[in-house]
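Subject: Structure for your review

Dear colleague,

Please find below the structure that I am handing over to you.

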Amino acid sequence: MNREQIKVELINHSDEKYRKFSAGLLPGVNSILGVRLPELRKMAKRLSKADWQENLHQLSDDTFEEIMLQGMMIGYVKCETEERLELIKEFIPKINNWSVCDSFCTGLKFVRTEQERVFYFLQPYIASDKEFEQRFAAVILLNYYIDEKWLSRTVNTLEQINAKAYYSKMAVAWAMAECYLHFPDGVMPILKQNRLDPEVQQKTLQKIIESRTISPETRDEIRAMKKQLSR
């Protein structure tokens, strides 16, 4: 498909009510057409088959949906790990909102079988001072590195992310909360020592409190910790 054909198809699948809804969730993000994610995924899968390199090249950065399609395609295409990592590296600077970031990360299923390689690849983004590079690293850790083997490294890495902006802080808190929910005994000492940025600590505790999987006793304990932190 050429660039114009892609844009026509996106416009044909757009929905004004959904566009307004999406715009409300993504303040500051311009050029939203209003195409729902299931439609984008179908389109990305189709574009990721034959001639995927050319199809990816045809996608511009003009609209939210085209950027989202690029990220989805990178997850779907069949290629070697190093080629995919190069595509990821080229794409990351285009991430300027939480929706593209999180959908992109969710689609990178190959990480499950390439954890060591990708963990090494993440290091510049862990050390970055850019909001969405930090969020990218945190959401990848959240999706693919919360298991018994990786827990210690994952938690230590989340502590290293020097998150100063809203969406990076929220991602670190989200990931840390999930670490706790999966491995409470391994993460509770860190929370009790208040080793996280105060705002990240608050948000982490809040996300744990909101979980439906913890006991009433645990919820009370976490609430007490949160109350103590706010004094």
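This is a predicted model: local features need pLDDT of at least 70, side-chain atom pairs count only at pLDDT 80 or more; totals for chains, interfaces and linings use all residues.

Two packed helices are described by the angle between their axes and the distance between the axes. Each pair is presented in that way.

The pair H8 and H9

Helix H8 covers residues 115–126 and helix H9 covers residues 131–144; their axes come within 9 Å and cross at roughly 155 degrees. An angle over 145 degrees counts as roughly antiparallel, and H8 is therefore roughly antiparallel to H9. Their crossing is left-handed. On the H8 side, the contact is made by Gln 115, Val 118, Phe 119, Phe 121, Leu 122, Tyr 125 and Ile 126, while H9 contributes Glu 133, Gln 134, Phe 136, Ala 137, Ile 140, Leu 141 and Tyr 144. Of these residues, eleven are nonpolar, two are polar and one is charged.

The pair H5 and H6

Helix H5 (residues 64–76) and helix H6 (residues 81–91) have axes that come within 10 Å and cross at roughly 165 degrees. These two helices are therefore roughly antiparallel to each other, and the crossing of H5 and H6 is left-handed. From H5, the residues Ile 67, Gln 70, Gly 71, Ile 74, Gly 75 and Tyr 76 meet Arg 84, Leu 87, Ile 88 and Phe 91 of H6. The contact of H5 with H6 consists of six nonpolar residues, three polar ones and one charged one.

The pair H10 and H12

How are H10 and H12 oriented, parallel or antiparallel? Helix H10 (residues 151–160) and helix H12 (residues 184–192) pack at an angle of about 25 degrees, and their axes are 11 Å apart. H10 and H12 are therefore roughly parallel to each other. The crossing of H10 and H12 is right-handed. Here Leu 151, Val 155 and Glu 159 of H10 meet Gly 186, Val 187 and Ile 190 of H12.

In soluble globular proteins, nonpolar side chains tend to be buried together. In this model, the largest nonpolar core has 78 residues, and those with the most contacts inside it are Ile 88, Leu 108, Phe 136 and Tyr 145. H9 supplies the largest share of this core, nine residues. Leaving aside neighbours within four places in sequence, Tyr 145 is in contact with residues including Val 118, Phe 119, Leu 122, Ile 140 and Leu 151.

Yours sincerely,

A colleague

Note on methods
Residues are numbered from 1 along each chain as its sequence is written. Side-chain values use heavy atoms; hydrogens and water are left out. Axes are lines fitted to C-alpha atoms, for helices over the stretch in contact, and angles run from 0 to 180 degrees between N-to-C directions. Helices (H or I, at least four residues) and strands (E, at least two) are DSSP runs, numbered from the N terminus. Angles under 35 degrees count as roughly parallel, over 145 as roughly antiparallel, 65 to 115 as roughly perpendicular and the rest as oblique. A crossing is left-handed if the near helix is turned anticlockwise from the far one by less than a right angle, and right-handed if clockwise. Contact means heavy atoms within 4.5 Å. Ala, Val, Leu, Ile, Met, Phe, Trp, Tyr, Cys and Pro count as nonpolar, Asp, Glu, Lys and Arg as charged, and the others, Gly among them, as polar. A nonpolar core is a set of buried Ala, Val, Leu, Ile, Met, Phe, Trp, Tyr and Cys residues joined through side-chain atoms within 4.5 Å. Buried means under 20% relative accessible area, exposed over 50%, partly exposed in between (1.4 Å probe, protein chains only).
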